[in-house]
Structure formats: structure tokens, C-alpha cells
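Here are my notes on the model you sent over.

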Amino acid sequence: HIATSLPLPSERDHLRPRIDLIVFVIDIKSKCSLKNVEDSLAYVDANFFLGKVYFLVTGVGRVNCCSIEINAISKLRETYCSPVLFCELELEGVRVATAQRLLRILQICAGLVPGFSALSFSLLMRNSADD
Amino acid sequence: ESGDPQRTALLLRKAWTLYSVTPLYRFCRGRLRDYARLLSAFIAAERQKGLAVEVGVELDIKVALSILPELQGSEQDQPAVLVQLSSRSRASSKNSEDKILWSGCFCCVYGDDLSENMPEDFTCLPLFLANGAESYMSVVGNWFQKTFDCIFRRLAISPFNLSWMVAMWVGCKVDKAASAMELVFSVPRLPQPLDISYAIHPEDARALWDTIQKTPGEITQEEVDVFMDCLYSHFHRHFKIRLSATKLVKISTAIASAHCDGIVKMLHSQYLSGVLMLLTELAISQIQ
């Protein structure tokens with residue numbers, strides 16, 4: 001399911017399946033997208049932040065077009081204890097690879113991969129990013 | 001040190017294309033005349049090959065290299081090196097003035113980050129400004145790259161850095177009536193390209209910045225963000241357009257104007273050094 005912002009419209013609450021993973025997409029070329037994500041985060045239940053929230057930052061292939069500072073992204077990662085993935089969705093190869101990654105992460109968050117919980121996996125992701 | 005203001009004035013009010021340059025190997029300030037001769041010969045050779053030729057013009061191209069000692073920040077900075085290609089048309093008389101075809105300037109203003117741990121044989125002049133036909137830039141650039149084992153790269157300026165420049169320059173005091181501060185935005189993903197120009201009275205812009213900046217002489221990322229957000233929300237209130245979703249491509253203030261393709265125009269001699277210091281920093285971060 002894709003939404004441009006949160007909260008999701010309440011009319012469809014009863015039809016909605018369980019949400020296992022929330023990926024916030026930030027376009028590094030648009031300050032507006034960062035603001036949108038920051039505003040939407042307020043509507044997320046605290047339980048999701050135990051490994052079911054990821055930030056996906058796109059546009060990193062174009063360093064000369066960036067409108068957002070990397071520190072702002074790091075601050076998001078620190079404040080919400082959630083991993084950040086970097087990609088360039090405008091490149092087809094990267095788009096496919098990113099989709100595959102996200103699917104794998106979704107499988108883990110939905111509890112479909114034995115031996116990995118959403119929380120343990122996100123800790124793995126964060127620790128390796130900090131090295 | 002007060003240098004000859006006339007010499008640095010030649011940097012003002014021209015559109016300069018920016019490049020970053022890696023350190024030059026075995027560049028010797030004392031050999032500028034030799035270099036000028038070698039570069040002149042190289043240009044002549046290239047023109048024989050049919051490169052760097054302006055159609056239909058018969059020209060003798062003279063090359064001059066000189067030092068601009070005024071363009072220096074700290075003691076460690078190398079003084080700027082100016083390269084000028086001038087011509088005298090063969091048809092005109094001996095007394096006519098040379099016309100400057102192309103100018104290039106290597107400089108380094110407070111480039112300590114780069115020059116700190118540099119081995120002796122290397123000269124750090126990370127910022128290059130070029131004005132004139134691209135064909136001359138190409139030839140001159142090739143010669144320097146071959147002779148001093150360095151690399152020239154176009155220096156682009158991100159919207160993020162452009163907004164820093166706006167914040168830094170809007171607070172600068174200028175004596176005469178300043179021109180309007182202008183921001184140009186390009187709207188992405190439209191079938192027809194659309195540019196939005198947002199002009200603000202310089203006094204209003206200064207007043208806004210003065211309410212935001214807490215410590216004079218210091219600017220924080222947060223202050224820059226608040227400043228830009230104020231401008232964006234003002235625009236949104238009136239036009240219902242979110243400028244923060246567009247790309248900031250050009251800024252113009254009374255001090256200088258800058259385009260994201262890496263083209264700047266410096267307008268005020270008093271702040272020339274400050275602008276060059278900022279550009280030096282950008283060049284260094286592209287090199288490293």
C-alpha cells in the first residue's frame with residue numbers, strides 16, 4: 001500500500017490488513033519530502049519503532065542536486081531508532097535491488113523468516129551502518 | 001595587505017564557471033614566463049590541428065600568466081595565479097589594445113584543510129574560475145592537466161549549498177541601494193520546463209535574517225533552515241505552491257549570484273574574499 005502522508009484515511013480501517021512494515025521514502029532533492037515524513041511520523045504507533053519502520057532515502061546518485069543535509073537524515077535515524085537505506089530509484093537496476101531488499105525485510109517483519117525478529121534484524125542493520 | 005584594487009576588480013561582474021583542481025605537481029611560481037611560452041606553443045599547435053579555433057578569425061594569441069597576491073586567505077594559501085589569453089587581430093594596427101579572449105584564475109582562500117598535509121612538491125590551488133569560450137578552457141585545461149598532473153572537474157553547487165549562500169550573503173551590509181534578492185526554482189517532472197522566480201526586497205530579506213540569526217558572525221544550519229522555511233511558507237501562503245518540493249537552481253544577492261551549474265558572478269569587492277573562501281571550501285570537498 002502506498003500513501004502520500006499519514007494518517008491513513010479512517011474510512012478504510014476495517015478493510016485494511018495488518019501492517020508489518022512502514023517505509024518512509026525521502027527524496028534528497030526535495031526538502032518538502034523530508035518535512036512530510038517528519039509530520040507523518042507523529043501518527044505512527046510507538047510499537048512500530050521496534051524494527052518495523054525504515055527510512056528509504058532516494059536520489060543519492062545526484063549529489064549536486066541535494067536539498068537535504070545528511071545530518072538531518074542521521075538525526076532521524078537516531079531519534080526514531082530506525083535504519084536508513086540509501087538508493088537511487090531512478091536507476092532501474094537499483095530500483096529492482098531495493099525492491100528485493102524491502103521484500104526480504106518485509107518477510108522478516110511479518111515473522112515469516114524463522115530465527116529473525118523485526119527487532120533483532122533492525123539492530124543488525126543499525127549496528128553495521130554505524131561501523 | 002592592500003593589493004592593487006584594479007587587479008582584483010577584474011574578477012568582479014563577470015560570469016565565472018567554476019572548476020575544482022587537484023594539487024599541481026612541481027608548479028613553480030618563478031617560472032610563469034616559461035609556462036606562458038609553453039602554453040602559447042601548445043595553443044598554436046592545437047590550432048594547427050583545427051582545435052580551439054574561432055571560425056573566420058585570424059588571431060595571434062598571447063598568453064600571460066601572473067600572480068594575484070591579494071587573493072589569499074591565510075599564510076598557508078598559495079597566491080592566486082591568473083591566466084589570460086589575449087589577441088591582437090593581424091589586421092589592426094600595432095598600437096591597438098589587446099583584447100582579452102579568455103581568463104582563468106587558480107585560487108585558494110583559506111584552503112588549509114587541503115594544504116595542511118600536502119607534500120612539498122604539490123601546490124594547492126583547488127578553485128579555478130574560467131571566463132570565456134569553452135574551446136579555450138578545453139585547451140588550457142588540457143595543458144595544465146598534462147603538465148602538472150592535475151585534474152579539472154566542473155564544480156556544481158547543490159541547492160543545499162545555494163541556500164547557505166543566500167543566508168550568508170543576505171546579511172551583508174552594502175552601502176548603495178542593493179538590488180533585489182532573487183531565488184530561481186526549477187519545477188521537476190513537468191512536460192514543459194517551468195522556472196519560478198521569487199524576488200524579495202533586500203531590506204525585507206535582511207530584516208528577516210536579522211530576526212533569525214542569533215550570533216553575529218556565526219550561522220548555524222538551523223538558522224539557514226528557518227530562513228528558507230519562512231520564505232517558502234510566505235510564498236505558499238500567497239501562491240499555494242510548495243517551493244520546498246522544487247529545486248533551487250539560482251540565487252542572486254547584492255554580494256554575488258550563483259547558479260547550480262557552477263557559475264558565479266561576484267559583485268562586491270569588499271566581500272570578494274568571503275565568496276572565494278566559500279567556493280574554495282566547495283572545491284576542496286569535491287576533491288576529497
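What share of the 288 residues in chain B is buried? Some housekeeping before the points. This is a predicted model, in which local features need pLDDT of at least 70, side-chain atom pairs count only at pLDDT 80 or more, and totals for chains, interfaces and linings use all residues. Residues are numbered from 1 along each chain as its sequence is written, chains are lettered from A and ligands numbered from 1 in the order in which they are written, and side-chain values use heavy atoms, with hydrogens and water left out.

1. Burial and overall build of chain B. Buried residues come to 45% of the 288 in this chain, where buried is under 20% relative accessible area, exposed is over 50% and partly exposed is in between (1.4 Å probe, protein chains only). Along the principal axes, its C-alpha atoms fill a box of roughly 60 × 45 × 35 Å.

2. Secondary structure and contacts. You'll find eight helices and 13 strands in chain B; these are DSSP runs (helices H or I, at least four residues; strands E, at least two), numbered from the N terminus. Of the chain B contacts with a separation of 6 or more, 69% join residues 24 or more positions apart, a contact being heavy atoms within 4.5 Å.

3. Helices α2 and α4 of chain B. The axes of α2(B) (residues 32-48) and α4(B) (residues 134-148) come within 10 Å and cross at roughly 125°. Axes here are lines fitted to C-alpha atoms, for helices over the stretch in contact, with angles from 0 to 180 degrees between N-to-C directions. The two helices are therefore oblique to each other (under 35 degrees is roughly parallel, over 145 roughly antiparallel, 65 to 115 roughly perpendicular, and the rest oblique). Residues making the contact include Leu38(B) and Phe42(B) from α2(B), and Trp143(B) and Phe144(B) from α4(B). By class, this contact has 10 nonpolar, one polar and two charged residues; Ala, Val, Leu, Ile, Met, Phe, Trp, Tyr, Cys and Pro count as nonpolar, Asp, Glu, Lys and Arg as charged, and the others, Gly among them, as polar.

4. Ser40(B). This one sits in helix α2 of chain B and is partly exposed, at 23% relative accessible area. Leaving aside residues up to four places away in sequence, Ser40(B) touches Ile61(B) and Val63(B).

5. Helices α6 and α7 of chain B. The axes of α6(B) (residues 202-212) and α7(B) (residues 221-239) come within 10 Å, crossing at roughly 140°. That makes this pair oblique too. Among the residues in contact are Leu208(B) and Trp209(B) of α6(B), with Phe227(B) and Leu231(B) of α7(B). The contact divides into nine nonpolar, no polar and one charged.

6. Backbone spots to check. The peptide bond from Leu6(A) to Pro7(A) is cis, with omega near 5°, and Pro7(A) lies in the segment before β1 (22-27) of chain A. Arg26(B) has a positive phi near 55° and is exposed at 55% relative accessibility. Arg189(B) also has phi near 55°; it lies in the loop between β9 (181-187) and β10 (194-200) of chain B and is exposed at 69%.
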